[in-house]
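Subject: Structure handover

Hello,

Here is the structure for you to look through. My notes follow below it.

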Amino acid sequence: CDKGFEELNQDPNNPTTVPSDLLTADIIRNAANNLHSTFVGGDMGSTWAQLWTKVQYNDEERYVPRQSVIESTWDNIYEDVISDARSMEILATAEGNDVSKGVALTLQAWGYSLLTDLYGDIPNTEAIRGTEGIFAPAYDEQSVVYDSILAKLDRANALIAGGNGSLNAATDLMYGGDASKWRKFANSLKIRCLMRISGVRDVSADLQATVARPIFTSNADNAAIVYLAAQPNAHPFYETIDYGSRLEWKVSELLVQTLEGFSDPRLAVMAAKNADGNYRGKPNGIQDVPSEDFNYENVSGIGEFYLNPELPGMFMSYAELQFLLAEAAASNYISGDAATFYNAGIRASMEENGITSGVDAYLSQSGVAYSAGASAELIGTQKWISLFAQGVEAWTEWRRTGQPALSPALDAVLSQIPSRYSYPASEQTTNKASYDAAVASQGADVLTTKVWWDN
Amino acid sequence: QRTVSGTVTSAEDGSGIPGVNVVLKGTTTGTTSDLDGNYRLSVPEEGGTLVFSFVGLEPKEVEIGARSVIDVGMSSDVQQLTEVVVTALGIERQEKSLTYAVQDVKGDGLTQARETNIVNSLSGQVAGVQVTSSSGTPGASSRVVLRGASTISGSNQPLFVVDGVPIDNSNYGTAGNGGGYDLPNGAASLNPDDVESISVLKGPVAAALYGNRGANGVILVTTKTGKGKKGLGVSVNSSTMFQTPLRLQDFQNSYGQGASNTYFEFVNGQSGYGDGVDESWGAPLDVGLEFVQWSDYRDDGTTSSPSPWKSYPNNIKDFYETGVQLSNNVAIAGSDGDNAFRLSATNMNQTGMVPNTDFNRWNINSSASLRLLEGLEASFSANYIKEHADNLASIGYTNDNPVQQMIWSGRNVDLAALKDYKNLPLSPEGTAAAGTPLNWNTVFQNNPYWGQDVNLQGYDKDRLIGNVKLAYQFNDWLSAYVRTGIDNWDMRNSNIKAIGTNSAADGFYSDQVRRFTEINHFYMITANKTFGDFGVAVSFGGNNMIQEYTRHYVGVPALELPGLYNVSNLKSGSTPTLINTLEEEKINSLLGTAQLSFRDFVFLDISGRNDWWSVLPKADNSYFYPSASLSFVLTDMLDIYSNALPYLKVRAGWSKVGSSGGLNPYSLQQLYSFRTTPYGSVSLAYNPETLNNPNIKPETTTGIEIGLAAKFFDGRISLDATYYDQTSEDLIVQVEVSPTSGYESAYDNVGLIENKGIELQLGATIVDTKDFSAGLNVNFATYNNDVISVNNIDGDEGAIVLGGQWNVDLQAREGHPYGVLFGPGYLKDEDGNIVHVNGRPQIDPTYRVLGDIQPDWTGGIAVNLRYKGLSLSSLFDAKWGGDIYTMTTTWGRYAGVLAETLKGREEGIVGKGVMQSGTDTDGNPIYVPNNIVVTAETYNKAAFSNGVAEGSVFDASYIKLRQVTLNWKLPSQWFTNVPFKDVNIALVGRNLALLYSKVPHIDPESGFSNADSQQGQEFGQLPSARSMGFNINFKL
């Protein structure tokens, strides 16, 4: 009575297996869409870094986090980025495709680094093992997660350097199949990770060794998804703010004042003029908006350049790397001239913003020109400006360096700028024992608990 | 030998009754009456008694004496014990022999009600049946559940079977939180004019023969045939119904749009910084103020002088139109005794209360039976159904739903002035509505009349439900039949959004075709024999089911040219969404049933069915579903029959049935998948987030039921009571796992739900004379539903999310009834007082159960009065207990549009509750009564928002006047010289009045659609309809 049933129940709609590199596109797309979502990178990144502000619906800006964002970031990065990159690694191993495997490891490392920077201790050793029946993985301390990230990036560098295998140019939404650029990304990302933990661990030897490998050498190496001209594959800023007509995201008063202070040509790129034809930022926070003081009309919006549907969705830029190297040199972690790195970082940022002239004059002015005595503040401020469209990284680097100096938002519910995301509530039901252990180890599950590298 | 002849007529109307058995008592000599009720029989010269009998009529014995002509009038059996009820697999049983709960509804009740969705006509009629109609819009779905929820991942609605053939009752709408549209549920295709009767098999005992499709009970629909008709008959039924909203929100009319109580201005096509404030916390209306408003905006971008700031109390009421529903049916039926046929054509045409919404349905029904040879009968029935809508209404939280902008609105807006949108200026560049006709708000909303006219959800469905049956009667005790039945439909939906639509700035078009086919082959052999005091009826047979479902979807997210809705009109650079799915499954079954009776007062039923299901793992795809039930007719058995208690039966049964839950084909193996929207030209392969389970099993429901049926006082009062206790286990659950495992969920058989309850039906004939009768029918059911387990994590109050909107989930949560509303509530002190800070109610960061959707009981009371040809019937129904989360209240209060937001507009509000005054020595907070005055706006926005749901969860209990019909059967003598006869005129009212409700602003009987996940929640619900009209039917 069950003749032919097994054949009938074979799915005609979906493949049983795929080439490893076919997974690359969806991993990159999911990662970028989450990172640059106006609710993540905007509300709980850029407004916390005080680059952006809002003239309505600004609870998050006042440190009332949106729980669904906390939840979706955790879910998306684990389920759609790390899990798929792990599948990609397993498939690539079976294929003997070292390049694809190296890319898979790089993407996993990126995912873990984002999550641990946002949440602190997270599952890593036991994570992504649902097929083995592990549905409630233990959390690892952040130092362990960082060890694992660094090891993955080292393996990625070695695997890609070996040159066995290849990538599908079409599905590589970042580099179009150029393995050498992936190698540069892996190594540059490792430098970011090493700098992140430089306050709690001596990273100088590892850093010096990594700098010697291929790393970003220009904006052409930037790790960024190439977004398309139309939704749903356009940059999330465009999709929400422009296409979705949600104009409440504006530029902050601090950004406008800072850029105006340097006559920075990037102001006209980053900010739009208000209804009066001026650049006018809004102080961060303020409970009852819009108001006659701060509303849709009289506060400058996000500049047109950044609402371009094809704005690159940046994972890591050459400019950021230069600022990190400047800091590493200034701190004597690596050899090299901090000023050179610093100036290269500003030039790269200007170039990213489409500015080609007047950069030399800009670099020489007081408040910008490099001085060893004020290196932390100078590098921090310029890096902050360069991260205008990378809210999460801007906030995270502020947490690490305290640069530029920021005061908590007005009418905020906390007296300090958040130090992390709280864990998603779902972990308390699906993974309670592990969650409880993590909270016991790391500290209360609140926005103000500092992560390991921030201590 | 001599001959006796005569006519058997109905005592009620004098018409001849065909098919009456006429037997000479004590012999095998007998005959049956012909089509006109005439009979002729040879009898002995002397003495003798004739016995006249017919199912449903009181048997009659007449001594022949010396007569040669004996005319007999037969009347309905007052005890109704011989009434025939359709049971599982279409087996007809006398009610007396039933061993489980079955309740039926006659077709004439359905045609009178004139409900377009046949499911609605069950509301209040059958004990234990819960019906929820989603709204009063044309094509709206309705949900029916018997005895509460028994599955978590699958549908809780019963299997619908038409003339022995299972039919699809799915709803493929995309209703809900994010907007979308509801579609008619599958059973809504059925035409009430073609239904002879509906039989409700409420529980697993009655439905045991349906095996793994029986866990939710079964609704058996029998369509009309020509059998039993005399000659050729034509009947015509025409009805006209008018629909108006039963209930609209109660709006305030004292304050207009904006956030400033002194100022408003509409400039540059927007209302200044206030345009982000599509709310009514603005300046007072009707006090002589004047502001520049939307209606003062001119084509050239300038504005004319300010206009009076005044209220439009009926602006929303006037938005709705009177819905019209026309239904016309013509049926021809005939029989010559051996062969019979029926042909019926019906058109139902409906226009909605929301402008430019409609729904049309054509039903062509045909059936015939032919006696090919002695004992060999061939029959078929075919229902062709065509459904069409130019535009079904948008629903849910979307600016495509016109009701949304009534809730986010300026109360100063003259909606009617927006209607002539073709002569309005266009919204200027820089606004979201740029290029589309002006609206009072151009940032969040489009002109609602324009939206209704240009943004269309088209719908078409073509369906054939039919079967062919060949039956052979070998002899007087052995028969067999084979039957093949099919339910086949094609459905097309298109969705148009014009360029400039708020939810799709570049326009949108999608076209989707679904096809579904289910074919069932049945074969059965039945033996029916009496051995002395014992009766045996045994059937054995099989069923092969094959189901195929395909779906093709093309969606274009942006249009190149305006006004052209074709997938080729894809905007350059954008990417279409492409979906194409094929699913196939089979179930092979063997089944058997036996009923043993002793002296017609003890009945034992046993049955078994074995199903082999293709979706299950090869090694474990065979499941057996048994049942056993027993009844005793105590009045006969103990010989205690009396006029006061002519009938008393007790019954008990046990059964195990199954359910597929949410298990679909291809759920065993882990596969990769492609996103349906590629990245430009790049395909997106991914690893799905749900982990399949190669060892999955079907769900099982095991239940007992006990009951009694009694009649009192010559059968004038009847009572039927049932108690049931059912356990549904191995429920297939997508167990939520930590995403850190790489998966969001994993399939497992871990759910367990218990259902217990009581069902009562009481019928009373209070007066019954030739000219006047009065009767009463009462039904009542209680429910006790308990979700015992949804996952396998010990000590955790596990929960599975069924659906939800904003941050409120509808969940199956352990230790609670199925369908709890789980979300953020107010922060409270130990005594339950709401904690305020700076005068604002605080939100408890820990989400909790705020209510549940399960009623405590449901009931209905039908009162039927007749005086001569005039009959009046009314039906009241009630649902008691259960909650609803109404975001209409949330946003309506947040936005200051509802009447209750007038409180404290001038003087402010002191929230009822406490505030912290300090801390005690242990560091615990000390609370004192809150005394901080805040503005009404501040209070309402703190107390009602998407951040806190508790204030918008209400007890959904209601009592409704469901139906009133006044039917006049015109005296037959008026029609002696015209071709008409049996003329009835009826005035009909449905959903007439909400007599009791604790929910403000909306009909508590609301849900987004008939899907389980969409119950107990609403936002911007299109109102339910109060339907009134008339119905005329006559025969030719």
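Which residues does Val790(B) touch, not counting residues up to four places away in sequence? They are Ile152(B), Val733(B), Val735(B), Val750(B), Gly751(B), Gly798(B), Ala799(B), Ile800(B), Ala812(B) and Glu814(B), where contact means heavy atoms within 4.5 Å.

Before the rest, two notes on conventions. This is a predicted model, in which local features need pLDDT of at least 70 and side-chain atom pairs count only at pLDDT 80 or more, while totals for chains, interfaces and linings use all residues. Residues are numbered from 1 along each chain as its sequence is written, chains are lettered from A and ligands numbered from 1 in the order in which they are written, and side-chain values use heavy atoms, with hydrogens and water left out.

Val790(B) again

Val790(B) is in the loop between strand 38 (772-789) and strand 39 (799-805) of chain B. Helices (H or I, at least four residues) and strands (E, at least two) are DSSP runs, numbered from the N terminus. Val790(B) has 0% relative accessibility, so it counts as buried. Buried means under 20% relative accessible area, exposed means over 50%, and partly exposed is in between (1.4 Å probe, protein chains only). Val454(B) is 336 residues from Val790(B) along the chain, and their C-alpha atoms are separated by 45 Å.

Chain B as a whole

Chain B has 6 helices and 56 strands. Its radius of gyration is 32 Å, close to the 31 Å that the globule rule gives for 1036 residues, so chain B is as compact as a globular protein of that length. The radius is taken over C-alpha atoms, and the rule is 2.2 Å times the number of residues to the power 0.38. The C-alpha trace of chain B spans about 105 × 70 × 65 Å along its principal axes. Of its 1036 residues, 58% count as buried. Among contacts in chain B between residues at least 6 apart in sequence, 69% join residues at least 24 apart.

An automatic or database domain assignment gives the domain bounds. Chain B is divided into domain 1 (2-74) and domain 2 (111-244 + 323-396 + 449-819 + 854-882 + 960-1035). The centres of these two domains of chain B, taken over C-alpha atoms, are 42 Å apart. In chain B, 4 residues of domain 1 are in contact with 6 residues of domain 2.

Aromatic rings

Over all chains, the structure holds 55 aromatic pairs. Rings of Phe, Tyr and Trp (its six-membered ring) pair if their centres lie within 6.5 Å; planes under 30 degrees apart count as stacked, over 60 as edge-to-face and the rest as tilted. The ring centres of Tyr119(A) and Tyr423(A) are 6.3 Å apart and their planes are at 5°, so this pair is stacked. Tyr119(A) is in helix 5 (residues 98-119) of chain A, and Tyr423(A), 304 residues apart from it, is in the loop between helix 16 (391-401) and helix 17 (426-430). Both Tyr119(A) and Tyr423(A) are buried.

In chain B, Phe291(B) and Trp309(B) form an edge-to-face pair, at 5.0 Å centre to centre and 85° between the planes. Phe291(B) counts as buried at 7% relative accessibility, and Trp309(B) does at 1%.

Two charged side chains sit over rings as well: Lys469(B) lies over the face of Tyr481(B), 4.6 Å from the ring centre, and the charged end of Arg675(B) is over the ring of Tyr686(B), 3.6 Å from its centre. For this, NZ of Lys or CZ of Arg must be within 6 Å of the ring centre and within 35 degrees of the ring normal.

Regards
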